[in-house]
Amino acid sequence: MTRLLLLLLTSSATLLVFGLWIPLKAVIAQELLEMAWAESQARQTESRPWPWADTWPVARLAIPELNDTMIVLADTHGESLAFGPGRLTGSRDHGGAVIIAGHRDTHFRSLKALETGNEVRLQGRDGRWQSYHVDGARVVDSRSELIDTQRLPEGTLLLVTCYPFDSVDAGGPLRYVVRASAKGKQREQIDTVAGI
Amino acid sequence: MIISSSPLRLCSPAPVTRRQRFRLKRFLEGVSLWLSVLLMLFVHPLYAEANEADNVGQLHFVDGQGQWQEPALVLDSEFDIQVSGLIADTRLLRSFRNTSDQWREGVFVFPLPEKASVYDLTMTVGERTIEGKVQPREAARRTYEKAKQAGQHAANVEQQRPNLFTARVANIPPGETVSVELKYQQPVQYQAGVFELTVPTTLTPRYMPGAPVRNAPDQWQGGWAMPTTEVPDAGAISPFTVTPDDVAADSHRAVINLVIDSGLPIESVSSPSHRLASRQDGQTFSIRPDGGEILMNRDFVVRWRPVAGLEPSAAVFHQSWQGEDYLMAMLVPGENGTMALPRDLVFVIDTSGSMAGESIRQARSALQAGLDTLTPRDRFNVIQFNSQTHSLFMQPEVATGNNLARARRYVDRLRADGGTEMAPALSRALEGAGETEGGARVRQVIFITDGAVGNEAALFRQIRQQLGSQRLFTVGIGSAPNRHFMREAARWGRGTYTAIHSPSDVDGPLQALFSAMESPVLTDIRVDWPGQETGKESFPRRSGDLFQGEPLVHVVRGVPAMGELKVSGRLPGGKDWTRTLDLQQAAPATGLHRHWAREKIDSLEDEARVTGREPDKAGITELAVSHGLMSAYTSFVAVDSTPARSPETPMESDNLPTLLPAGSQDGMLRYPQTATSAPLLIALGLVGLMFSLAIVLLQRRAFP
């Protein structure tokens, strides 16, 4: 009986530690990413936050109203979302819409506080900041809806996280999508010979 | 665990007073109370989520923008194809099985071969079969809507593009199946001694150029695309595209049975797209895909080759239908073109998002193969386009080693992304129309694309206007290219269409194309049927130039199988060429009248395009109805006479998705998984701790 009890206690405590480790990892990783971001800005290259990382910082996201800033990673594959929000597609250099996804329990927990009209800022590797205005947010069902990247106008920023915010279900189908559009849009056309 | 269990152990051996023990107990009870409150906090959102999920589901029925519902319908397809002579006759059975417990309407957008003439529709509900009728498009739609409201079983099939159709099936009872049987025929392609038949099963999602139409009428919306200024019917030709994992495990499968009875000894049957299981019975071949069923994410292509030396070079077929004679003649000039003039070759390659994946790799290797054919006398250029157009050189440059090396590097770096703005790329490719140096050079454009656009008609018009003396050759890429666009663009561009089906299939078709491109073998073609004013009721009205290996196919009405058919033309050197065909040897055939009617409809639509006027809608409708054909203005509708669903019972509409063509990457992104298991782990950990504490307390109470 005592052994069973001990087993139960051990396993629950382990679960608790693992559970607490995730938000802790998210915080620590962001500190490391800050350094990698500074380095990639200085050298203008992709620099990995730790040698075995399969991702690298590509942008800095700031939400002035919430006093929140975080480093955005390339892609959302593997474990990279545990360290920071990931950029699914788009970059300022290539034009098109930018889509960033992040974990509801860690980095993007603050998304629910974003309101229409709030400012979201995105810094590229060249150090220039681009301001976006939040147009609104909506809840989508990821089973039945896809993101059509070709339809999104240029200068659109989508922030994606899971919904509802207080759920314990990690595999839920609902997503919370904040849509923002660039203000003061100044985008050079890509360099073409034909220039059509 | 050490923290929680150690005070207990430390406590028990020491002599403790009753008061201390009581205090400890109170303390632990307090802790568990707190933990249970915490647990409540975690359970509450779960509960809330369950409630919210329902609401969201309802919302998404209402707003219906850019989304499809989880399909409750399972789709089965069965193709029975019979090839005799030059015409393939297909019976296509589509079954919609309703797996939900609600009444459903199924809407399915599907491709058919680009030259298909649909001539019959039958609906089967349980034991009963209901024959469909051809009606003018609007009338058919009204009949269908009325029957749908009244709760009758009904089916409606409409043509959106010559190779794209919409099937609607209303009032499918819960748990039951409604089948729609379509019959269509198509001419078999015959090129360079090889017959080819294509069964399209899906479509590449198309790009809709133009600005979105604001304040679009709030009409039926079944697709992901919103109407634009250039493609007003975008919603009707953009079914949702999903991966095979997204549909039920037995949905979107097709059974194909192909019987070839061509009257010729066949040497070999092959397919560049699927593995075949074929059985020979005399001169008849029965062919089915290996394994019986295929996934509907790739066109099914079959090629067969007659025994060497027995390739047909001429054939005549005859049919009597409603007292009228119909004749169809096929003739292969069998001449070789001779390469005469230096060329200006412009390669145009589509690098839009729909080409991502396998397609862009095939396109790159096709382009590299094209660069190989250049000689130092030729000039060339490479143009790529997606949302923007970009060209390698400002104007065609001489194919020196240096320039070719530059081009190869450029081609290797091509990546597929963005929209499909074809019009500026065509303008750029065709802009040098006048620069032929007094006819001393030929200008040719090779257009490598999957044709995934919604504004085909506007592009054909543009090709016609800008072509001049140039020729445009199209190379179709991918598992499901838009063949209608490919073939028609090549026809308006006075060139040919070549399809590449798989990476292993690049060389053969391209070699045929490059040798055919060297020059057309027959120009200024005249076809004289006996006792008939030239070109009166024979189609195509104006024969295009023939390239090496290409047959001339003509169809006529009102000419009995007597006398001789005379075909004349001009060979590359300027010499005249004449051939006669004895019509008395005509073999009996079926379906010629439909082929004739379809050709006549096409020619009426061509005329409208050339003159820039509206097509003769009344004429086409009359022609289509009298021959029982589907067209842009006529559709099929079948209605059961007795209502099956009472008006109070609700019915939902399901827009069935099509499968993403094999090897291509989805332009539509999936929402990533954006939650961690942290809250769950924390909650479980806390529950476990609380539970064990509760047991400890109970134990101490029971055995103090």
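Two strands are said to pair if DSSP finds at least two bridges between them, and the strands themselves (E, at least two residues), like the helices (H or I, at least four), are DSSP runs numbered from the N terminus. The legends below describe a predicted model, in which local features need pLDDT of at least 70 and side-chain atom pairs count only at pLDDT 80 or more, while totals for chains, interfaces and linings use all residues. Residues are numbered from 1 along each chain as its sequence is written, and chains are lettered from A and ligands numbered from 1 in the order in which they are written.

**View 1. The hairpin of S1(A) and S2(A) in chain A.** Strand S1 (residues 57-63) and strand S2 (residues 68-74) of chain A pair in the antiparallel sense over six bridges, and A:Pro57 has A:Leu73 in S2(A) as its bridge partner. Four residues lie between the two strands of this hairpin, where A:Asn67 takes a positive phi near 55°.

**View 2. Strand S1(A) and its pairing with S5(A).** S1(A) also pairs in the antiparallel sense with strand S5 (residues 119-123) of chain A, here over three bridges, and the bridge partner of A:Arg60 in S5(A) is A:Gln123. Five of the seven residues of S1(A) are buried, so this strand is largely enclosed by the rest of the structure; a residue is buried if 20 or more other C-beta atoms, placed from the backbone, lie within 10 Å of its own. In chain A as a whole, which has two helices and nine strands, buried residues make up 40% of the 196 residues.

**View 3. The open sheet S28-S31-S32 of chain B.** Three strands of chain B form this open sheet in the order S28-S31-S32, with antiparallel pairing. Its edge strands, each pairing on one side only, are strand S28 (523-528) and strand S32 (576-582), and the twist averages 15° from one strand to the next. Strand S31 (residues 564-570) and S32(B) pair over seven bridges in the antiparallel sense, and B:Arg570 stands opposite B:Asp576 in S32(B).

**View 4. Helix H6(B) and the elements against which it packs.** In helix H6 (residues 422-430) of chain B, the residues B:Met422, B:Ala425, B:Leu426, B:Ala429 and B:Leu430 are buried. Seen down the axis of H6(B), these buried residues fall within an arc of 120°, so they line one face of the helix; the arc is that of the directions from the helix axis to the C-beta atoms. An α-helix has 3.6 residues a turn, so residues three or four places apart point the same way. The buried residues of H6(B) pack against several elements of chain B, including strand S21 (343-350), strand S25 (442-449) and helix H7 (456-466).

**View 5. The packing of H10(B) with H11(B).** Helix H10 (residues 592-611) and helix H11 (residues 617-626) of chain B pack at an angle of about 170°, with their axes 10 Å apart; axes are lines fitted to C-alpha atoms, for helices over the stretch in contact, and angles run from 0 to 180 degrees between N-to-C directions. H10(B) and H11(B) are therefore roughly antiparallel to each other, a term that applies to angles over 145 degrees. From H10(B), B:Ala597, B:Lys600, B:Ile601 and B:Leu604 meet B:Gly619, B:Ile620, B:Leu623 and B:Ala624 of H11(B), where two residues are in contact if their C-beta atoms, placed from the backbone, lie within 7 Å.

Notes: A residue is buried if 20 or more other C-beta atoms lie within 10 Å of its own, exposed if 12 or fewer, and partly exposed in between; C-beta atoms are placed from the backbone. Angles under 35 degrees count as roughly parallel, over 145 as roughly antiparallel, 65 to 115 as roughly perpendicular and the rest as oblique.
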